[in-house]
Amino acid sequence: MPSAHQRPFEPEPEEQFAHSRFGQKLNYTPTQLRWSPFDIDESLDWIHSMRLLGGAGDPATRSGVGFFIFTAGQSMDPKTAYFSADGDLLIILQQGVLDIRTELGHLLVRPKEICVIPRGIRYNVTLPDGPVRGYAFELFQGNFTLPDLGPLGSFGLANARDFQIPEAAFDEDTTHEYRIVAKFNDRLFSSVQDHTPFDIVAWHGSYYPYKYDLGRFMTIGSVSYDHPDPSIFTFLTSSEQVFEMAIFPPRWLAMENTMRPPWYHRNTMAEYMGLIEGEYDGRTDGGFRAGGASLHTVMGAHGPDSETHRKASVAELHPQKVGEGSLAFVVETPMLLGLSDWAMKGCGKRQENYNAQTWLGLKPHYEFPASAKRKSTLLKDVVDMDVNGYHQS
Ligand SMILES: O=C(O)Cc1cc(O)ccc1O
Ligand SMILES: [Fe+2]
């Protein structure tokens, strides 16, 4: 049956999704922020568990992106299907398993897999393995795409061949009554129809949901010296430069004369990080935990916590595998992210002392020799280059 065979949509009671409303007044701060793992609410299903953490833009004008956290404990009613007209949804699963039945077929999303549901595709989510938690990003503008590989050539990073798409699957009994819930301009609506939406017997084209196992990522790195920008780890980007995501999988670091953790930096992009499992090698103070998050906003200064920096400064440099048993990601957007009241307060997970605990322990690292006059470069500890361009300390 065509989807058009349905009754008019009616607004859902507002209180059911007020927490996920993008239209609420958002909060802006240049301060570095971090959240402890978000609590799982076992009473909620997929639709109602989406909490808005923050975002930029507006679905009505198709600009920007919404950042969400989901923590659900209930399968959706089997006679309900959900879709969002607001954007494409990228789901980064952190805990549990999602059995997603889409109009175009089934996707079973397991730990360390991610999934994208395009705008408008109807789906139902069941939880075969208990409660789930994760990060979701709704792109109001453009679509998620693979990055151009530039000098890498024809393959590397996330390879197109490793993305999986569903096969058509359909209900044989088509006469059930179904409730269709729509997210439309930041509000929920529902409609009733007397036939299943899962009645597609075959499909073709290029507009489909897909999933990807992050374990298949081919990680690239420096094999000489220096710490490259993590854009070399880009997993997905977006067609209109609103969103980019990189992952930090287990990898070898073998660069010479190079401190291993990230440099201290400020970024023209906001950096939002999440942790799927283990410990992120760039922040080992114990406060960045699986199921939590951090935000270093546009021009927000950050880098390793003081203890990670201290240890790395005296560590012997030899080829070293980092991130074993760990998977972190960073999402970058050039937009100024506004944060929901839930993110700032309601979730109860914001670490109020993040900044102090992480960086106020840093000490000046170089001593200015009394003999060195201000006019000259530091004579001690200076990094110089010889004629062949190799770094020497
Ligand atoms: O801030 C972060 O931890 C992410 C990050 C990692 C890295 O190796 C270099 C830059 C960067 O922003
Ligand atoms: Fe960073």
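Guide: Let's start at the ligand: by class, the shell around ligand 1 has 3 nonpolar, 3 polar and 1 charged residues. Here Ala, Val, Leu, Ile, Met, Phe, Trp, Tyr, Cys and Pro count as nonpolar, Asp, Glu, Lys and Arg as charged, and the others, Gly among them, as polar. This is a predicted model, where local features need pLDDT of at least 70, side-chain atom pairs count only at pLDDT 80 or more, and totals for chains, interfaces and linings use all residues. Residues are numbered from 1 along each chain as its sequence is written, while chains are lettered from A and ligands numbered from 1 in the order in which they are written.

Visitor: Which residues surround ligand 1?

Guide: A residue is near a molecule if its C-beta atom, placed from the backbone, lies within 6 Å of it. For ligand 1 that gives P230, P262, H265, E271, G282, H302 and V330.

Visitor: Is M299 buried or exposed?

Guide: Count other C-beta atoms, placed from the backbone, within 10 Å of the residue's own: 20 or more is buried, 12 or fewer exposed, and in between partly exposed. M299 counts as exposed because it has 12 such neighbours. R62 has 15, so it counts as partly exposed.
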